[in-house]
Amino acid sequence: MQGIAASPGIAIGKSLIKKDKNVEIDRNTISDEQIENEINKLHSALAKAKQSLKELKESTAAKLGEEKAEIFEAHMMILEDPEVVPAFEKKIKNEKINAAAAVKDVIDKYVAMFSAMEDDYLRERGADIRDVGMRVIKILLDVEDITDKMEEDVVVIAKDLTPSDTAQLDTDKVLAFVTEEGSRTSHTAIMARSLGIPAVVGVGDDLLKEANDNSQVIVDGNNGRVYFSPSVATLDEYQEKLKEYNKEQKRLEYYKDKKAETKDGKEIELVGNMGNLNDIKPILNKGGEGVGLFRTEFLYMDRNELPTEEEQFEVYKEVAKRFEEKPVVIRTLDIGGDKDLPYLNFPEEMNPFLGYRAIRFSLEREEIFKPQLRAILRASKFGNLKIMFPMISSLDELRKAKDKVNTIKTELEAEGIEYNKEIEIGIMIEIPAAVMIADHLAQEVDFFSIGTNDLIQYTIAVDRTNEKIAERHTPYHPAVLRLIKKTIDYGHAQDIWVGMCGEAAGDELLLPFLLGVELDEFSMSAVSILKIKELMSKWNKVEAQEVAQKVLNLKTAGEVKSYLKDIKK
Amino acid sequence: MIILAVKKTVKIKNSTGLHARPAALFVKKAGEFESDINVIFNDKEVNAKSVMGVMSLGASKGKEIVIQAEGEDSQKAVEQLVKFVEYEMPKENESSEDEE
């Protein structure tokens, strides 16, 4: 069956179906004498539920951190709510029904109310209320919990999983999650990724029909596939894949706490790219030494208005604190063109990639640029933040952007607000024009970071979103490689460091070339970090320089690629 | 005992409105007072000490709510809750759990 690949990895194991979505709740009429008894039962169930929530909160805080545990605090509040608890009691008294049925009726009413709300966030809160209600009902009905059945490692199969489901599971025994509902951003997916457990979600209604308890199942979290009672051939294939995957992971684990350095001991800065706060943990877990590209767009997306300075400050502060003394390069808003924000009413353009975007936009929109810069500067005293401007194509733009920073610095000083006065300012190098004048630019910045995705697009004049010409969008094109070399040379001539934050930085084939032209910093998604760290340790300076020299003399992208394949270690 | 009814209007400034975490904190704060406290929004009136009630208002950013209290510490309750909505709530760090 096919679903959404929500968390990578492969698992083969016995299935365990979590069915309790449909706990049978008998509705019994009770006599006047029984009312008191039912109310006592209710209160004892509420107390037990609160106790188990308290325990869940503590174990989740220890396992996944305070933030993930907060949900259970909210659940506890529901059980102490001065509106909800009397409503349970009233239902039992007035309608003379058993406690479980009374709880169900009240909860259903709240769920219906929240489900009807316009706000997405509140609509989803309906699930929390149902979750809490089911907990109380299960205690009242004495229904066994799925965890009781988990004697061995299992693949958990369910309609969907709630926060308390996943927190209750002994996750050390869970091989994988498969759910009928959900998307990449649903609770199950996020939780699975942060726990590093493979998951396939959104498989559809057929899942629970086809699945049997205790039967063999293969979960491919890389491709979103699930196989029930697989054929011998499929099983063999996946057993092989699993073995490879585990071996690879184990081998790479060795590099986690190792310094990123070449065979001859030259230290290289190996850092992660991040798009939101959830990316922090994976970067640190893979031994990333900081962040080479923090895309701030997420702060502006999926909403109806601009984020305030205060909101941004909190996010930047959190990132600064989590990485402590490790560097975090924050790229100012890179929006416009293909990345639209509906509430800003961007006009449609003929050539969005060449249009009104990124720094060109920020420089003209003071009300957007200023809060962002202020928030970054204010957060800078909590860690090691750096500012990076996207899409710089001329010295004028750089100077204007730096002027804005200086104006804000003066303002902050006048207001008596602390910030890091030495904060480094750098630029993305992603336009060929910037490469050609990089000797001048380098005199006025603290660092360069090469954005290969756009640099390739602008150099080869190939739209990177057009599938028909996708093959031409390659970092191996000799023109791109020369521009990379030129950028680094110009940077080094002015004693500034040069990094790379495009996909090419995590390209296993390109690595010896980049080491050979002496790139100082490699920034990539967390999943690539360990592999690249391992490869780095296999090259020494002289070897890599020879590779770079050879590559720069090759004439086509094809030649470059096949040469790099031949010499790959 | 002197029963004082106090009433005040306040505008919500934080972007997530009176939802989830801010709502929970608001309710906790309300629980610190003896008075009966209500929140009124869009003709709907709920118990300020009930997180279900407060969340069910769906009061979002830019909207005005009325906080009304009756009891011995009603003056203090309204003052502090208004202050909470105006100054403390916007400081709340917002969860970014759902963004990817």
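Helix H11(A) is followed by A:Glu324, whose phi is positive, near 50°. Helices (H or I, at least four residues) and strands (E, at least two) are DSSP runs, numbered from the N terminus. The model is predicted: local features need pLDDT of at least 70, side-chain atom pairs count only at pLDDT 80 or more, and totals for chains, interfaces and linings use all residues. Residues are numbered from 1 along each chain as its sequence is written, and chains are lettered from A and ligands numbered from 1 in the order in which they are written.

The 15 residues of H11(A) (309-323) should span 21 Å at 1.5 Å a residue, which agrees with end C-alpha atoms 21 Å apart; the expected span is 1.5 Å times one less than the number of residues. Among the buried residues of H11(A) are A:Phe313, A:Tyr316 and A:Ala320 (buried: 20 or more other C-beta atoms within 10 Å of the residue's own, C-beta atoms being placed from the backbone). The cover over the buried residues of this helix includes the elements below.

| Element of chain A | Residues |
|---|---|
| helix H10 | 280-285 |
| strand E9 | 291-295 |
| strand E10 | 327-331 |
| helix H13 | 366-379 |
| strand E11 | 384-389 |

Strands E8-E9-E10-E11-E12-E13-E14-E15 of chain A form a closed barrel of eight, with parallel pairing (at least two DSSP bridges between two strands). The largest nonpolar core has 92 residues, and A:Tyr316 and A:Ile427 have the most contacts inside it. Such a core joins buried Ala, Val, Leu, Ile, Met, Phe, Trp, Tyr and Cys residues through C-beta atoms within 7 Å.

Terms used. A residue is buried if 20 or more other C-beta atoms lie within 10 Å of its own, exposed if 12 or fewer, and partly exposed in between; C-beta atoms are placed from the backbone. Two residues are in contact if their C-beta atoms, placed from the backbone, lie within 7 Å.
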